[in-house]
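My notes follow in the order I made them.

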Amino acid sequence: MSKQHHSASVSPDGFIGFWQRKWETITLYFSRGLVLVIGIIVAIVGGWLISQYLDGRKERSTEKLAQAMKIAEANLISDQEKDVEQNEEVPRFKTSKERQDGVLKVLGELDKDFASTPAALRAVLLKAGVAYDQGKYPEAEALYRRFVDAKPRELALVLVAQEGIGLCAEARGDFAAAQAAFTASTSGDLFKERAQWNQARVYAKQGNKAKAVEIYKEMLAKGDPKSSLRDDIQNRLSQLEQ
């Protein structure tokens with residue numbers, strides 16, 4: 001009875017409304033691992049989440065994934081807030097660490113109860129994002145590679161994982177490995193701009209200012225004039241040309 005009640009409490013219309021509201025406030029160009037992953041899942045897999053909702057065991061696993069994502073995006077409790085009323089499904093926390101632990105707890109339940117489902121595979125990306133945000137780069141990189149090796153059908157999520165591998169390599173100072181991963185994430189046009197931005201950043205870190213400037217200028221000349229990255233590119237270019 002309780003399971004039936006829980007399933008009924010999260011309707012497909014509710015899912016759609018939640019993801020639409022999230023998409024209005026999330027950009028793809030965050031540097032934080034977990035927020036980036038959530039942004040991409042919202043943009044690319046929203047329809048997949050709805051379709052999975054209609055299929056028994058997948059429905060329950062999808063609810064767990066959605067719950068973890070909601071917790072990850074819930075506002076922290078500020079010092080000014082008193083007597084915060086907690087929601088059992090989406091609790092709020094005082095610190096990022098507590099919130100990350102809350103996300104991992106739900107993902108652990110998902111992995112334990114629904115390990116073979118598509119939702120559990122996509123949860124690997126969220127785990128990787130948490131590990132990245134906590135500075136656990138070897139663990140995050142292993143999770144990103146695990147996701148890529150599983151060959152999921154959504155190219156966008158594979159590219160997110162490729163970028164994650166590059167960010168982890170960059171964080172541990174292996175710039176050659178980072179460039180290789182960022183190059184892999186340029187497949188097609190979907191993330192080409194972001195991949196180029198990453199490549200230019202790393203070239204600048206390596207001391208190859210000329211190559212970084214070349215990429216930034218190409219992006220400004222050929223890229224979308226409404227790109228979220230345009231201001232950042234111009235600022236970085238100005239600093240390199242001083």
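**Ser185 and its surroundings**

I began with a side chain: that of Ser185 reaches the backbone oxygen of Phe182 at 2.7 Å. I note that the model is predicted. I then placed Ser185 in the loop between helix 9 and helix 10 (192–205). Is Ser185 buried or exposed? I find it buried, with a relative accessible area of 2%; the cut-off for buried is under 20%. Leaving out residues up to four places away in sequence, I list Leu159, Gln162, Glu163, Phe191 and Ala195 as touching Ser185.

**Gln179**

Next I looked up Gln179, which lies in helix 9 (residues 175–184). Gln179 is buried too, at a relative accessible area of 9%. Which backbone oxygen does the side chain of Gln179 reach? I get that of Gln199, at 3.1 Å. Setting aside neighbours within four places in sequence, Gln179 is in contact with Gln199, Val202, Tyr203 and Gln206. I also checked Ala200, 21 residues along the chain from Gln179: their C-alpha atoms are separated by 9.4 Å.

**Helix 11**

I moved on to helix 11 (residues 209–222), which has 14 residues. Helix 11 reaches 20 Å from its first C-alpha to its last, close to the 20 Å expected. I find Ala212, Val213, Ile215, Tyr216, Met219 and Leu220 buried there. Down the axis of helix 11, its buried residues fall within an arc of 165°, so they line one face. Ala210, Ala221 and Lys222 are exposed on the other side. What covers the buried residues of helix 11? I find that the cover includes helix 10 and helix 12 (230–240).

Methods. Residues are numbered from 1 along each chain as its sequence is written. This is a predicted model: local features need pLDDT of at least 70, side-chain atom pairs count only at pLDDT 80 or more; totals for chains, interfaces and linings use all residues. Side-chain values use heavy atoms; hydrogens and water are left out. Helices (H or I, at least four residues) and strands (E, at least two) are DSSP runs, numbered from the N terminus. Buried means under 20% relative accessible area, exposed over 50%, partly exposed in between (1.4 Å probe, protein chains only). Contact means heavy atoms within 4.5 Å. A polar contact is a pair of N or O atoms within 3.5 Å; within protein, one must be able to donate a hydrogen and the other to accept it, and residues adjacent in sequence count only if both atoms are side-chain atoms. The expected span of a helix is 1.5 Å times one less than its number of residues. The arc is that of the directions from the helix axis to the C-beta atoms.
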